[in-house]
Amino acid sequence: MKHYKFYIASILAILAVSCTKVIDLKLGNDTGKLVIEGNITDVSEPQYIKLSRNVAFNNTNTYPAVTGATVSVSDDKGNTYPFKEGPSGTYSINLMNGITGSTYNMTVLTNGASYTASSTMPSLIQLDSITAKTTALNSSKNQKEITVHFKDPAATANQYRFIMYVNNVQVKGVFAFNDDFTDGRYVHNELREDDIKIYPGDTVTVEMQCIDKIIYTYWLTLMQQLGTDRPGGAVAPSNPPTNITPATLGYFSAHTTQTKTIVIK
Amino acid sequence: MARTIILILLFFSVISSFAQKRYTISGTNKDEATGELLIGATVKIKELPQIGTSTNSYGFYSFSAPDGEYTLLFTYVGYETLERQVLLHQSQTVNISISPGNSLKEVVISSNKPNNDNVASPQMGLEKLNMSQINQVPVLLGERDILKTISLLPGIKSAGEGNTGFYVRGGASDQNLILLDEAPVYNASHFFGFFSTFNSDAIKDVSIYKGGMPAEYGGRLSSVLDIKMNDGNNKDFTVQGGLGLIASRIKVEGPLVKDKGSFMISARRTYLDLFLKASSDSTIKGSSLYFYDINAKANYHFDDKNALYLSGYFGKDVLSLKNTFGTNWGNSTGTIRFNHIFNNRLFSNTSLIYSNYNYTIQSLQSTDNFKATSKITDLNLKEDLQYAMGNDHTLKFGLNVLHHTIAPGDITTTATSSFNSRSIEQRYGFENAAYVSDEWKANDKLTILYGLRLSGMFLLGPGTFSTYNALGNTVSSITYSSGQSVKTYFNLEPRFSASYQLNDDNSIKISYNRNTQNIHLLTNSTSSSPTDLYVMSSNNIKPEIADQVSTGWFRNFKDNTYEFSAEVYYKKLQNQIDYKDGAQLIANQDVESQLTYGSGRAYGLELFLKKKYGRFNGWIGYTLSRTELKFDAINNGNYYPARQDRTHDLSVVGIYQLSKRWSFSGTFIYGTGNAVTYPTGKYNIGGLTTFSYSQRNGYRLPSSNRLDIGATLEGKEHKKYQSSWTFGIYNIYGHRDPYLVTFRDSKTVPNTTEAVETSIFATPIPSVTWNFKF
């Protein structure tokens with residue numbers, strides 16, 4: 001439903017004589033803020049919560065780790081899972097898995113402040129398959145785009161996030177969808193991106209996550225902001241709404257995960 | 001009720017005329033060559049220059065003067081001044097026709113003493129453009145454009161390169177009331193704002209009110225753009241048209257019954273899709289990309305007192321990618337008007353107006369096919385009366401009953417689609433208003449225009465209406481039956497402006513006006529998009545309110561050849577609308593849950609110097625302004641600059657008639673960049689470089705500037721036909737005006753990020769058009 005903007009943008013790009021250049025900007029410096037990225041999946045594997053701080057735009061993409069924090073997750077059955085500090089601000093627990101329908105609470109104690117967040121792991125919706133087809137535009141170049149296929153269950157609100165890798169490199173893009181328009185349908189969802197061009201011979205891996213509502217809004221806000229780099233772009237960007245209290249950068253998500261890989265023919 | 005008012009007024013008029021032995025002169029003022037009624041032409045008594053008036057939207061004027069023998073002076077920009085002797089021993093009708101002047105004859109111009117209306121009139125914040133200027137100002141691809149040209153006036157800012165949206169004194173683009181022959185036009189742009197819906201061939205008069213709106217206008221906060229179509233030549237048949245790079249147009253007009261009735265029909269179509277046919281890509285080749293519009297009008301004058309006008313507009317944009325995607329959208333409007341002159345003091349106009357805007361979006365692939373439609377339909381009955389009471393008062397009063405039907409979204413799909421069919425409840429409501437205003441010439445120096453408008457918004461069932469809390473969660477849900485009242489708002493809108501004339505060439509004016517708005521545009525894209533959605537004030541959305549005060553100094557030089565004005569304004573905005581994070585506006589039953597409310601303020605200084613007459617004419621406009629918004633959830637609840645906040649804005653327009661055949665024109669614009677939000681840091685989330693922000697709209701795009709030039713070559717004179725060539729170069733020095741700046745991982749230096757500026761139309765863009773008339 002939202003793809004119409006992509007088509008309109010493609011046509012505008014043909015119409016308007018547009019050009020781009022890299023520019024130098026003096027940007028403000030509101031840095032050193034705590035970033036928390038916590039995930040609990042339904043697969044029995046090490047689970048990670050990463051703590052770091054943001055840096056200035058003109059710095060390199062290396063982010064200072066936050067060490068010495070106390071990190072734990074508890075569930076609604078009274079279990080508490082302490083996370084152990086590892087290298088570069090990564091806190092982890094070995095072989096733990098979340099259960100769909102359960103609510104998980106994260107607590108992070110650092111520098112005398114306590115941050116909490118909670119997330120409920122939604123039901124697992126089966127990822128049926130992923131397929132590739134030739135793009136509508138530039139079809140002569142045999143460029144491909146990826147579609148994911150799954151059956152959305154009727155009468156429940158479901159939210160999905162996909163992560164795509166082409167030859168083991170993550171595509172720079174956010175793919176977040178809900179079933180607002182697709183409730184109960186067999187869904188074919190195109191993962192449209194313009195970061196890595198996909199051609200026959202490439203190996204494409206897609207991870208599907210079933211996420212809760214707040215986390216969906218988080219990813220959707222990021223996705224809408226990434227779409228601003230073309231004519232007709234969206235609203236003023238802002239930090240996506242977090243589920244962490246007190247508010248800081250990042251999120252805590254309990255979600256399911258499944259992966260499928262294809263080699264493009 | 002209306003009858004009683006009329007009777008009372010008649011009674012007063014009889015009293016006043018007896019008391020002062022004054023007689024009324026009334027009539028219509030027309031173009032001699034075509035019979036077009038002239039709007040805003042001045043009528044004055046030469047011997048008593050303080051007495052006079054100007055013609056209304058239907059070319060009618062009425063005023064009174066003491067018993068005597070006088071010379072009447074009829075003046076209109078670009079026309080020869082006409083003098084007419086009258087023996088005023090009884091009230092009488094003086095219908096006149098004046099002929100277009102020749103701008104090359106400077107002598108004629110100085111002898112016909114242009115009028116000083118802009119100094120004398122109490123109206124402020126009003127700009128009028130004449131069509132010959134609009135037609136000479138150079139524009140993108142040679143498509144003459146009213147909306148682009150008005151954005152060259154102070155206080156009016158274009159929404160950005162290639163965008164027809166405009167902002168008036170800091171107001172949002174949906175706060176402009178755009179009227180085409182009284183019918184509101186909801187989406188005034190073609191191709192996402194690259195062109196406007198108004199084909200200037202069909203347009204007679206353009207007025208824009210930035211402040212001090214007279215009480216007869218209402219419904220939007222910031223401005224009124226009142227566009228009147230040509231009536232059609234009632235003397236001769238003519239055909240005119242033009243062939244341009246991207247569009248062609250044709251207009252036919254002529255008498256239906258000579259001197260009594262005429263018609264005009266004008267059409268335009270673009271052929272950009274021909275360029276697509278040249279593409280090697282089969283999908284692009286099979287795509288559509290065009291718009292067309294048709295303006296039509298007919299009128300019939302039964303006698304001197306009764307006239308009927310029919311006018312209509314129909315326009316459509318079509319855009320599709322072969323087998324993939326298609327969208328089309330358009331406006332249609334229709335107006336039936338009946339003018340009746342009760343007597344030489346009382347003029348009436350009754351209008352029945354229809355307006356519709358709709359769009360369709362279609363996905364054509366079997367796995368995700370859908371067809372989504374949305375529309376808004378207005379039906380409007382208006383009664384406007386104008387009454388000249390004594391010599392000192394011109395009263396205007398009227399009623400307006402406007403019915404809205406909004407169908408926010410209908411989605412149909414097939415079984416193979418990923419999408420469900422869905423239909424969102426339609427919404428119904430009335431926007432009604434009553435107004436009265438009086439223009440009172442208190443004495444030789446002081447003129448006051450004051451009035452009051454009562455507006456009522458009535459949101460009606462049937463339907464289920466939910467009320468949402470600040471988090472967007474449903475608090476209650478009530479189902480109403482057909483016609484049942486859901487929510488009613490009344491607002492009183494005082495309007496006041498006054499001018500104090502220091503002398504013939506100098507005046508000071510002040511004004512205050514309150515405007516309210518009950519229909520709101522929801523859009524989450526920065527350019528005008530066909531999916532723009534309209535909602536009425538409701539149980540969740542309160543009417544938007546604006547209060548504006550302004551004052552100004554008006555000065556004419558050199559026998560009114562030069563006009564100068566300096567105006568300052570302050571505007572307070574209440575109940576403004578913004579969106580929550582991740583807002584979903586399309587076909588959303590709970591769209592009102594996605595909104596958040598705030599306030600705003602705007603203030604500024606506008607300087608304007610205009611030369612209206614002569615071989616060389618044009619203007620310089622400069623605006624210094626600030627526009628700020630305040631929402632609890634944004635910027636910690638502090639004021640922040642609105643996107644359209646533009647500190648400095650300068651436009652220079654020059655038109656020079658070199659010889660009988662050659663004329664040249666140029667425009668230069670300079671403006672502070674839009675207020676934008678840039679990152680103040682970055683971090684990594686989900687494997688992606690992500691930017692952090694701390695202040696809404698805390699940065700500026702680089703300033704923009706551009707020079708466009710144009711030239712017109714009139715063909716050699718022929719008895720049977722005329723032709724001309726128009727040449728233009730848009731952005732002649734190829735300035736890269738920044739369109740947007742984005743941030744991303746660097747493509748050249750690993751592990752760093754970069755800022756990227758995108759410009760559109762960053763190279764000189766030439767155009768040529770051939771025009772003909774026979």
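This is a predicted model: local features need pLDDT of at least 70, side-chain atom pairs count only at pLDDT 80 or more; totals for chains, interfaces and linings use all residues.

Q: What's the radius of gyration of chain B, and what would a compact globule have?
A: Chain B comes out at 27 Å. A compact globule with 774 residues would be near 28 Å, so the value for chain B agrees with that.

Q: What box do the C-alpha atoms of chain B fill?
A: Along the principal axes, the box is roughly 90 × 65 × 50 Å.

Q: How many helices and strands does chain B have?
A: There are 7 helices and 51 strands in chain B. Chain A, for its part, has 2 helices and 17 strands.

Q: Which domains does chain B have?
A: The domain assignment gives domain 1 (2–115), domain 2 (126–225) and domain 3 (226–773). The C-alpha centres of domain 1 and domain 3 of chain B are 33 Å apart.

Q: What share of the contacts in chain B is between residues 24 or more positions apart?
A: Counting contacts in chain B with a separation of 6 or more, 64% are between residues 24 or more positions apart. For chain A, 65% of the contacts between residues at least 6 apart in sequence join residues at least 24 apart.

Q: New topic: how many residues of chain B are in contact with chain A?
A: On the chain B side there are 62 residues, in contact with 65 residues of chain A.

Q: Which element of chain B gives the largest share of that side?
A: That's β50(B), with 8 residues. Other elements that give two or more residues to the side of chain B touching chain A include β22, β23 and α7 of chain B.

Q: How do the residues on that side divide into nonpolar, polar and charged?
A: The side of chain B that touches chain A has 22 nonpolar, 32 polar and 8 charged residues.

Q: Back to β50(B), which strand of chain A is joined to it?
A: Strand β1 of chain A, residues 18–23, is joined to β50(B) by 6 bridges, and the two run antiparallel. To find the spot, look for A:V22, which stands opposite B:V756 in β50(B).

Q: You also mentioned β22 and β23 of chain B. Do they pair in the parallel or the antiparallel sense?
A: β22(B) and β23(B) pair in the antiparallel sense, over 14 bridges. B:L308 stands opposite B:F338 in β23(B). The two strands form a hairpin with 3 residues between them, and B:N323 in the turn has a positive phi of about 55 degrees.

Q: And which strand is β23(B) joined to by 17 bridges?
A: That's β24 of chain B, residues 346–363, which runs antiparallel to β23(B). A hairpin through 4 residues joins β23(B) to β24(B). B:N339 stands opposite B:N349 in β24(B).

Q: What about β18 and β19 of chain B, how many bridges join them?
A: There are 6 bridges between β18(B) and β19(B), which run antiparallel. A hairpin through 3 residues joins the two strands. β19(B) also pairs with β20(B) in the antiparallel sense, over 10 bridges.

Q: Last topic: which residues touch the most other members of the largest nonpolar core?
A: In that core of 56 residues, they are A:I36, A:F162, A:M164, A:V206 and A:W219. Helix α2 of chain A, residues 213–226, gives the most to this core, with 7 residues.

Q: Why does this core lie between domain 1 and domain 2 of chain A?
A: Because both of those domains give residues to the core.

Q: What does A:V206 touch?
A: Leaving out residues up to four places away in sequence, A:V206 touches A:I130, A:I146, A:V148, A:F162, A:M164 and A:K260. Apart from this core lies another one, of 55 residues, with B:L153, B:V185, B:L225 and B:F608 among them.

Conventions
Residues are numbered from 1 along each chain as its sequence is written. Chains are lettered from A and ligands numbered from 1 in the order in which they are written. Two strands pair if DSSP finds at least two bridges between them. The radius of gyration is taken over C-alpha atoms; the globule rule is 2.2 Å times the number of residues to the power 0.38. Two residues are in contact if their C-beta atoms, placed from the backbone, lie within 7 Å. Domain bounds come from an automatic or database domain assignment. Ala, Val, Leu, Ile, Met, Phe, Trp, Tyr, Cys and Pro count as nonpolar, Asp, Glu, Lys and Arg as charged, and the others, Gly among them, as polar. A nonpolar core is a set of buried Ala, Val, Leu, Ile, Met, Phe, Trp, Tyr and Cys residues joined through C-beta atoms within 7 Å. A residue is buried if 20 or more other C-beta atoms lie within 10 Å of its own, exposed if 12 or fewer, and partly exposed in between; C-beta atoms are placed from the backbone.
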